[in-house]
Amino acid sequence: MTVQDEAPTSDGAQALEVWIDQDLCTGDGICAQYAPEVFELDIDGLAYVKSADDELLQAVGATTPVPLPLLQDVVDSAKECPGDCIHVRRVADSVEVYGPAAE
C-alpha cells in the first residue's frame, strides 16, 4: 500500500475500493445496471469489477477503485444486490463501509 492510497482524496473523502464475491453472486445484473463503469456480467453469468481501463478483473478477490462520482451508484449496487456479494471498503485500512460485512 502506498502513502497515496492512505491519503484522503482532494475533497477529504477516503479512497474506497470494491470487490465481488462470485461465490455469492446471483448474476442478477443489478450492479451492472447501477454502475456499468465499475461492474460487468461475464459469459459465466456472474458479475465482476472492471479496472479503470475497462478490463474485466476475474481473479478471486480482485478489487477496483471506486471513482468518487460513481460512489452513490456503487453503494446502491451493494444495497440492492440480492446475493449480498458486493463489498466496498476503505483502501487505507480495508474496513468494509458498504456491503454485507459493513457495520
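The structure holds one cavity of 30 Å³ or more. The model is a predicted one.

**Cavity**

- Rolling a probe the size of a water molecule over the atoms shows where empty space is left.
- The largest cavity contains about 70 Å³ of space.
- Its lining is made up of Cys25, Thr26, Gly27, Asp28, Gly29, Ile30, Cys31, Ala47, Cys81, Pro82, Cys85 and Ile86.
- Eight of the lining residues are nonpolar, three are polar and one is charged.

- Strands of a sheet pair through backbone hydrogen bonds, either parallel or antiparallel.
- Three strands form an open sheet in the order 2-3-4, and their pairing is antiparallel.
- Strand 2 (39–41) and strand 4 (56–57) are the edge strands, each pairing on one side only.
- Strand 3 (residues 47–50) is joined to strand 4 by two bridges, and the two run antiparallel.
- Val49 has Leu57 of strand 4 opposite to it.

**Lys50**

- Lys50 counts as buried because its relative accessibility is 8%, and the cut-off for buried is under 20%.
- Leaving aside residues up to four places away in sequence, Lys50 touches Pro36, Glu37, Val38, Phe39, Glu40, Glu55, Leu56, Leu57 and Thr64.

- Five bridges link strand 1 and strand 6, which pair in the antiparallel sense.
- Within that pair, Ile20 stands opposite Ile86 in strand 6.
- Ile86 is also one of the residues that line the largest cavity.
- Strand 6 pairs with strand 7 too, in the antiparallel sense and over two bridges.
- Opposite Val88 is Tyr98, in strand 7.
- The hairpin of strand 6 and strand 7 has five residues between the strands, and Ser94 there takes a positive phi near 60°.

**Helix 3**

- An α-helix has 3.6 residues a turn, so residues three or four places apart point the same way.
- Helix 3 (residues 71–80) has Val74, Val75, Ser77 and Ala78 as its buried residues.
- These residues lie on the same side of helix 3, because they cover an arc of only 155° around the axis.
- The buried residues of helix 3 pack against strand 1 (16–20), helix 2 (30–34), strand 2, strand 6 (86–90) and strand 7 (96–98).

How values were computed
Residues are numbered from 1 along each chain as its sequence is written. This is a predicted model: local features need pLDDT of at least 70, side-chain atom pairs count only at pLDDT 80 or more; totals for chains, interfaces and linings use all residues. Side-chain values use heavy atoms; hydrogens and water are left out. On a 1 Å grid over the protein atoms alone, a cavity is a set of points where a 1.4 Å probe fits but cannot get out, and a pocket is an open set with protein on both sides within 12 Å along at least five of seven lines; lining residues have an atom within 4 Å of a point. Grid points are joined across faces, edges and corners, and a volume is the space filled by probe spheres set on the points. Ala, Val, Leu, Ile, Met, Phe, Trp, Tyr, Cys and Pro count as nonpolar, Asp, Glu, Lys and Arg as charged, and the others, Gly among them, as polar. Two strands pair if DSSP finds at least two bridges between them. Helices (H or I, at least four residues) and strands (E, at least two) are DSSP runs, numbered from the N terminus. Buried means under 20% relative accessible area, exposed over 50%, partly exposed in between (1.4 Å probe, protein chains only). The arc is that of the directions from the helix axis to the C-beta atoms. Contact means heavy atoms within 4.5 Å.
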